[in-house]
Amino acid sequence: MVDKQNTLPFPDRHLDIQIKNTPTNKSKRMESNGIASKQGLDGDPDLQFLLGGGDLLKVRSSNWKRTRFYKLREDCKTLWYESHKTIRSSNPIFCVDDIAAVRSGRQTEGLQKHTDGHVEARAFSILFKSRRKNLDLIASSEEEAKQWVTGLEKLMSNLGKLTRQEKTEHWIFNCMRKADKDNNNKMCLKELKSFLRHINIEVDDNYAKELFEKCDMSKCGFLEGKEIEHFYEILTHREEIDVIYGEYAKTGGMMSAEDLLYFLNKEQREAMDLNHALNLIDKYELDSSAKEKKIMSKDGFLLYFHQPEGLILNPSHKGVYQDMTQPLNHYFISSSHNTYLMEDQLKGPSSTEAYIRALLKSCRCVELDCWDGSDGQPVIYHGYTLTSKILFKDAIKAIKEYAFKTSDYPVILSLENHCSVEQQKLMAQHMISILGSALVTKPLEDQMPMNFPSPEELKRRFVIKGKRLNKLEDCFSTEASSTEDIVSEEEESGDDEEEDQKPKKSKKLKLAKELSDIVIYCKSVHFHGFEDAQKNLGFYEMSSFKEGKAVKLAEESANQYIHHNVDKLSRIYPAGMRTDSSNYNPVPLWNSGCQIVALNFQTPCGEMDVNQGRFLPNGLSGYILKPAYLRDRASEFNPVTLTQGEWRQHKRFHMMVISAQQLPKVNQKKSSIVDPLVRVEIYGVNCDVAQKKTEHIDNNGFNPMWNANFQFDVYVPELALVRFVVEDYDSTSGNEFVGQYTLPFTSIQCGYHHVPLLNKNGDLLPSASLFVHIMIMDEPQ
C-alpha cells in the first residue's frame with residue numbers, strides 16, 4: 001500500500017479531484033450537447049420530436065387538467081414546461097435521471113380514476129425514482145404519445161449505459177452552461193465563481209482570480225475554447241490517482257501489463273495472471289497506441305477505477321452467486337410491512353404504486369390488509385384509520401405485473417384478513433384468476449412435503465401466507481377433514497398486529513374454504529413458545545412477531561430463536577406505536593435467523609439503508625442465503641454472548657477514506673456549499689457494532705480530501721454490514737444527510753476503490769462517490 005500520509009500532501013484549497021479526460025477530442029466533447037452525440041441518437045426522429053416539444057394535458061384530478069408545453073432541453077438530460085397562461089423561463093422541472101419508468105396507457109391510479117377509456121391510446125405516465133408523484137399526461141394523438149414514450153425510453157436506456165466518467169463530464173458541462181449567463185460560450189471571472197458554486201465548492205476571491213489568470217492565456221479577461229478546456233483539466237485532475245499510478249508505473253513512466261498485474265496482486269489483493277491484466281488494458285485503455293504496446297496510461301488507469309472492477313462491491317457478487325436450491329426458510333427474505341401505504345399509518349394514502357415501488361426494489365414479501373368494501377369488493381387499507389382504500393383486485397393486478405421485473409424469485413403475499421366469508425371468496429377468486437398458474441395452490445410434490453421448496457423451485461411463483469382451516473397433511477388424507485370454519489383472528493398476524501389501534505372486538509373469524517385451500521407453505525399460527533412450536537407445528541406453520549417481542553427473544557433466547565428458524569419461518573413487523581411509519585433495526589433479528597423482517601419501505605431512513613445493503617448482492621434477488629450456523633439444528637451460535645465456533649473469524653478491517661467527488665448540494669441556494677464529513681458504521685453482532693468519522697472539510701463538496709485512517713475489529717464477518725454515510729456538517733442545527741452506501745462486509749473488495757453514493761430514497765447519485773483504500777487482515781482466533 002502506498003504511504004499516502006507522506007506522499008499525498010493535498011493543499012486545503014486544492015481543486016485536484018476527479019476524472020481526467022482522454023487525450024483526444026476533449027474540445028468536441030465539451031462543445032457537444034452530450035448524450036445525443038455520445039450515444040448515436042443524433043438525427044433520431046423521436047429525439048428530435050422531444051427537442052421540438054409539444055402540448056400535453058397534465059392530469060391531477062377530475063377537475064384539474066391543464067395544457068402544458070413540454071420540451072427536452074438541448075442537454076438531452078432535462079425537461080421543462082411553460083404554462084399557456086403564464087410566460088415562464090425555461091426552468092427545469094425534472095431530469096431524465098430522475099425517471100424510474102414511462103408507462104403507456106391509463107396504467108396509473110390517477111389516470112384510471114380521473115380519465116375515460118377513450119383516451120387510453122393517448123395517455124402515458126412518467127414515474128419517478130423519488131417519492132415525487134407520478135406525472136399523468138395525455139397527448140393530442142396516439143402517434144405523439146408513442147413518440148414521447150419511445151423517446152424518453154431511449155434517453156433513459158442510453159443514459160444508463162454511460163460510464164461514471166461520462167456522467168461526470170455531462171454534469172460539469174451542464175454546470176458550465178448554467179454559469180454562462182449571457183450564453184456566449186465564454187466565461188468571465190464572475191461566471192467562473194458562479195460555476196464553482198454550482199459544482200459545490202467555495203474558494204476565496206484571490207484563489208478564483210489566480211485560477212482564472214492561469215487559464216486566461218490570451219489575457220483578454222475571459223476564457224473560451226482551449227482556455228475553458230485547460231480550466232476543465234485543472235478542475236478534474238485527480239492527484240491521488242497520480243500518486244498511485246506513479247508508484248506502480250515503472251515502464252518509462254507508463255504502466256505495463258506486468259506493472260498492472262503487480263498493482264492488482266499487491267494492492268487489490270487479486271490473485272490474477274498476466275492475461276487478466278492484458279484484458280483490463282484492452283477493455284479500458286483509451287489511447288490506441290498505448291493499447292497496441294500493451295500499456296495502460298493514466299487515463300486508462302482512472303477509467304478502470306470507474307468500472308465494476310474499481311467499485312467497492314465485489315463484481316462476482318453483483319449477479320446471483322449463492323446456492324438458490326436450499327429450503328425457502330434458509331434465506332433472509334426482503335420484506336415490506338403495510339406495503340400499500342405511501343406515507344404514515346393513520347391518514348396517509350394507500351396506493352398500488354406503493355406495491356410497485358417495493359417490488360422494483362426487489363421486495364419479495366408484501367402485505368395486504370384486507371377489509372370488506374362497501375360495494376361488495378374487498379379493499380386494502382389500514383383498518384380503523386383514515387388511510388385511503390384501494391381495491392384488492394387492483395393490488396393483485398399491480399403485483400402480478402411488477403413482481404418479477406427486478407427478481408425472478410418467489411413473492412410471498414402476506415394476507416391480513418378481516419373480510420366476511422363472501423368477500424374472502426372474492427379474494428380467492430381474484431388471486432386465482434389474475435395470478436393464474438403462477439399461484440401456488442397445492443404442494444409441488446405429489447406427497448406430503450417434509451420441508452419447504454427452494455427459491456429456485458418457486459421461481460416466478462406466488463406463495464400465499466394466511467390462515468388455513470386444517471393441516472396441510474389433510475390434502476393427502478382419505479379421511480374427511482374438519483368442517484370447522486372458525487379460526488382465531490389474533491392468530492392472523494400472530495401477535496395481533498392492530499391491537500394498539502383497533503377497539504376490542506371478537507377474536508374469532510369465519511374463514512372461507514376457498515381462501516384457506518390456497519394457503520400451502522405459509523400457514524399463519526399464534527406463537528406459544530419454542531417448545532410448543534417444535535412439538536406441535538409443521539414446518540409450514542409460521543408465526544408473526546411484533547418487533548418488541550421479537551427483539552426480546554433475540555436478546556434473551558437467541559440460540560433457541562435460531563433453532564426455531566432452522567425449521568420454521570418467522571415474520572417480524574413494526575410496533576403499532578410507529579404511526580409515522582418509522583422503522584426498527586433489522587440486524588438483531590437477522591442475527592437470530594429471522595427470515596421475513598418486514599420494514600416500512602415507504603420511509604427513507606438508516607434502517608432501510610441497511611436493509612437495501614443486506615439485499616444488494618446476489619443479483620438483487622431479494623433472497624440472501626443465511627450462514628451455515630443459522631441453518632444448523634445443532635448450532636451453538638449466540639450473537640449476544642459470542643463463543644468460539646465456525647462463526648468466529650476475527651478480521652482486522654483497515655480503511656482509509658481518501659476523498660469524495662461531486663457531492664450534491666443539500667441546500668440548493670446558490671451560496672450554500674457542503675461542509676462534508678464521512679462516517680463509517682459497522683452493523684452486526686453486538687461486539688462488531690462500531691462507528692468512526694472523519695473531520696469535516698469546509699466549503700468543498702466537489703473534491704474534499706480527508707486521508708483519514710480507521711481500523712475496526714470484525715468477529716462475525718458473515719453477519720456484518722458496512723455503511724458509509726456522508727453528511728453536511730452543521731455545528732448549530734445538526735448535520736444533514738448527503739448520501740450513503742451500505743453493503744455486506746463479505747462483499748467488500750480490498751484495495752483502492754470508489755464507493756458509489758445513494759440518496760435518501762436509495763437511488764444512485766450519478767456522479768457522487770467516495771474513494772477509499774481497504775485492507776482486511778486475518779487475525780488469530
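Biologist: Is Phe-527 buried or exposed, and what is its relative accessible area?

Modeller: This is a predicted model, where local features need pLDDT of at least 70, side-chain atom pairs count only at pLDDT 80 or more, and totals for chains, interfaces and linings use all residues. Residues are numbered from 1 along each chain as its sequence is written, and side-chain values use heavy atoms, with hydrogens and water left out. Buried means under 20% relative accessible area, exposed means over 50%, and partly exposed lies in between (1.4 Å probe, protein chains only). Phe-527 is therefore buried, and its relative accessible area is 9%.

Biologist: Where is Phe-527 found?

Modeller: Helices (H or I, at least four residues) and strands (E, at least two) are DSSP runs, numbered from the N terminus. Phe-527 sits in the loop between β18 (522–524) and α20 (530–536).

Biologist: What separates the C-alpha atoms of Phe-527 and Ser-543?

Modeller: Along the chain, Phe-527 and Ser-543 are 16 residues apart.

Biologist: How many helices and strands are in the chain, and what share of its residues is buried?

Modeller: The chain has 24 helices and 30 strands. It has 781 residues, and the buried share is 58%.

Biologist: Why is helix α10 called largely enclosed?

Modeller: Helix α10 covers residues 226–236. Its buried residues include Ile-228, Phe-231 and Leu-235, and also Glu-227 and Glu-229.

Biologist: How do α16 and α17 lie to each other?

Modeller: Two packed helices are described by the angle between their axes and the distance between the axes. The axes here (lines fitted to C-alpha atoms over the stretch in contact, with angles from 0 to 180 degrees between N-to-C directions) belong to α16 (residues 352–360) and α17 (residues 392–402), come within 9 Å and cross at roughly 25°. Angles under 35 degrees count as roughly parallel, over 145 as roughly antiparallel, 65 to 115 as roughly perpendicular and the rest as oblique. So α16 and α17 are roughly parallel.

Biologist: Which residues of α17 does α16 meet?

Modeller: Contact means heavy atoms within 4.5 Å. From α16 come Thr-352, Tyr-355, Ile-356, Leu-359 and Leu-360. In α17 they meet Asp-394, Ala-395, Ala-398, Ile-399 and Tyr-402.

Biologist: How do α4 and α6 lie to each other?

Modeller: Helix α4 spans residues 45–52, and helix α6 spans residues 142–161. Their axes are 8 Å apart, at an angle of about 105°. So α4 and α6 are roughly perpendicular.

Biologist: Which residues does Asp-763 touch, not counting those up to four places away in sequence?

Modeller: Asp-763 lies in the loop between β29 (751–758) and β30 (764–778). It is buried, at 12% relative accessible area. The residues touched by Asp-763 are Lys-129, Ser-130, Lys-361, Leu-757 and Leu-758.

Biologist: Is Asn-338 buried or exposed?

Modeller: Asn-338 is in the loop between β10 (331–336) and α16. Its phi is near 45°, a positive value in a residue other than glycine. At 0% relative accessibility, Asn-338 is buried.

Biologist: What is the relative accessible area of Asn-699?

Modeller: Asn-699 lies in the loop between β25 (690–693) and β26 (705–714). Its phi is near 50°, a positive value in a residue other than glycine. Asn-699 is partly exposed, with a relative accessible area of 33%.
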